[in-house]
Amino acid sequence: TFDVASKPKLVSFDYESTLRKELIFKKTADELIYQLNNDSDILGRRWALVELARSIETSNDKAKIIGAIRSSAEKDQSWMIRQDAIEALKEMYAPTPPPGVTPAPIRLDDATTQMLLRATKDGQSAIRANAFELLGATKDARYADLYVAALNDRSYAVIDAAANALGNTRSPKAFDQLV
């Protein structure tokens with residue numbers, strides 16, 4: 001234990017996770033959000049992201065948690081954290097269905113939709129592909145032109161995600177473009 005003048009904003013140890021350990025560290029949603037936004041250690045930010053995503057089902061702060069993850073998906077300095085944040089959102093909005101079950105179209109809030117539209121232009125192909133996958137889960141035909149344009153991307157992962165999203169729209173443009 002340590003005596004401190006006030007409650008610390010961030011408690012972090014084992015910078016860059018060099019110690020072999022099993023960690024059980026209960027933090028509130030606000031503490032995890034602060035860590036996600038402010039920890040200089042990428043592994044600390046990733047840990048906070050995973051803990052936030054894990055706590056979403058039992059939290060009373062769902063909107064705050066989704067907002068923090070969405071912000072991280074767009075603004076984190078590391079493309080790997082941005083990618084993981086979109087993956088976390090994908091699991092929240094469009095969890096993987098059981099085998100043989102066709103997922104229903106999902107509904108995204110406007111802020112998440114706008115973030116994903118911006119993410120489709122990210123410099124990292126993994127982020128663009130994840131953004132197209134989650135946006136494509138809406139099955140909304142109004143994004144068909146965006147998906148068609150992405151079929152010319154330099155990344156096969158982006159092309160694949162855009163082609164799947166385009167096919168799921170059932171837009172009249174989809175068949176000719178996919179053929």
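This briefing describes the fold, helix packing, core and selected residues of the structure shown above.

The structure is a predicted model, in which local features need pLDDT of at least 70 and side-chain atom pairs count only at pLDDT 80 or more, while totals for chains, interfaces and linings use all residues. Residues are numbered from 1 along each chain as its sequence is written, and side-chain values use heavy atoms, with hydrogens and water left out. The chain has nine helices and zero strands; helices (H or I, at least four residues) and strands (E, at least two) are DSSP runs, numbered from the N terminus.

**Overall fold**

- Along the sequence, the pattern of the chain reads α-α-α-α-α-α-α-α-α.
- A box of roughly 70 × 30 × 30 Å, taken along the principal axes, holds the C-alpha atoms of the chain.
- Of the 179 residues in the chain, 39% are buried. Here, buried means under 20% relative accessible area, exposed means over 50%, and partly exposed lies in between (1.4 Å probe, protein chains only).
- Contact means heavy atoms within 4.5 Å. Among contacts in the chain between residues at least 6 apart in sequence, 54% join residues at least 24 apart.

**Packing of helix 1 and helix 2**

- Helix 1 (residues 29-38) and helix 2 (residues 42-55) have axes that come within 8 Å and cross at roughly 145°. Axes are lines fitted to C-alpha atoms, for helices over the stretch in contact, and angles run from 0 to 180 degrees between N-to-C directions.
- The crossing of helix 1 with helix 2 is left-handed. A crossing has this hand if the near helix is turned anticlockwise from the far one by less than a right angle, and is right-handed if clockwise.
- On the side of helix 1, the residues that meet helix 2 are Ala-29, Leu-32, Ile-33, Gln-35 and Leu-36. Their partners in helix 2 are Gly-44, Arg-45, Trp-47, Ala-48, Leu-49, Glu-51 and Leu-52.
- By class, this contact of helix 1 with helix 2 has eight nonpolar, two polar and two charged residues. Ala, Val, Leu, Ile, Met, Phe, Trp, Tyr, Cys and Pro count as nonpolar, Asp, Glu, Lys and Arg as charged, and the others, Gly among them, as polar.

**Nonpolar core**

- In soluble globular proteins, nonpolar side chains tend to be buried together.
- The largest nonpolar core has 43 residues, of which Leu-52, Ile-69, Leu-89, Leu-116 and Tyr-147 touch the most other members. Such a core is a set of buried Ala, Val, Leu, Ile, Met, Phe, Trp, Tyr and Cys residues joined through side-chain atoms within 4.5 Å.
- At least two residues of this core come from each of helix 1, helix 2, helix 3 (62-75), helix 4 (79-93), helix 5 (110-119), helix 6 (125-136), helix 7 (144-150) and helix 8 (156-169).
- Leaving aside neighbours within four places in sequence, Tyr-147 is in contact with Phe-132, Leu-135, Gly-136, Asp-140, Ala-162, Ala-165, Leu-166 and Thr-169.

**Aromatic pairs**

- The whole structure contains three aromatic pairs. Rings of Phe, Tyr and Trp (its six-membered ring) pair if their centres lie within 6.5 Å; planes under 30 degrees apart count as stacked, over 60 as edge-to-face and the rest as tilted.
- Phe-25 and Trp-47 form a tilted pair, because their ring centres are 6.1 Å apart and their planes stand at 40°.
- Phe-25 lies in the segment before helix 1 and Trp-47 in helix 2, so this pair ties together parts that are 22 residues apart in sequence.
- Phe-25 is partly exposed at 24% relative accessibility, and Trp-47 is partly exposed at 21%.
- One aromatic cluster is formed by Phe-132, Tyr-143 and Tyr-147.

- Ser-72 is placed in helix 3 and is buried, with a relative accessible area of 3%. Leaving aside neighbours within four places in sequence, Ser-72 is in contact with Leu-36, Ile-81, Arg-82 and Ala-85.
- Ala-88 is found in helix 4 and counts as buried at 11% relative accessibility. Not counting residues up to four places away in sequence, Ala-88 touches Leu-49, Ala-53 and Ile-69.

**Residues with positive phi**

- Most residues other than glycine have a negative phi.
- Lys-139, although not a glycine, has a positive phi of about 60°. Lys-139 is in the loop between helix 6 and helix 7 and is partly exposed at 23% relative accessibility.
- Arg-170, also not a glycine, has a positive phi of about 60°. Arg-170 is in the loop between helix 8 and helix 9 (172-178) and is exposed, with a relative accessible area of 76%.
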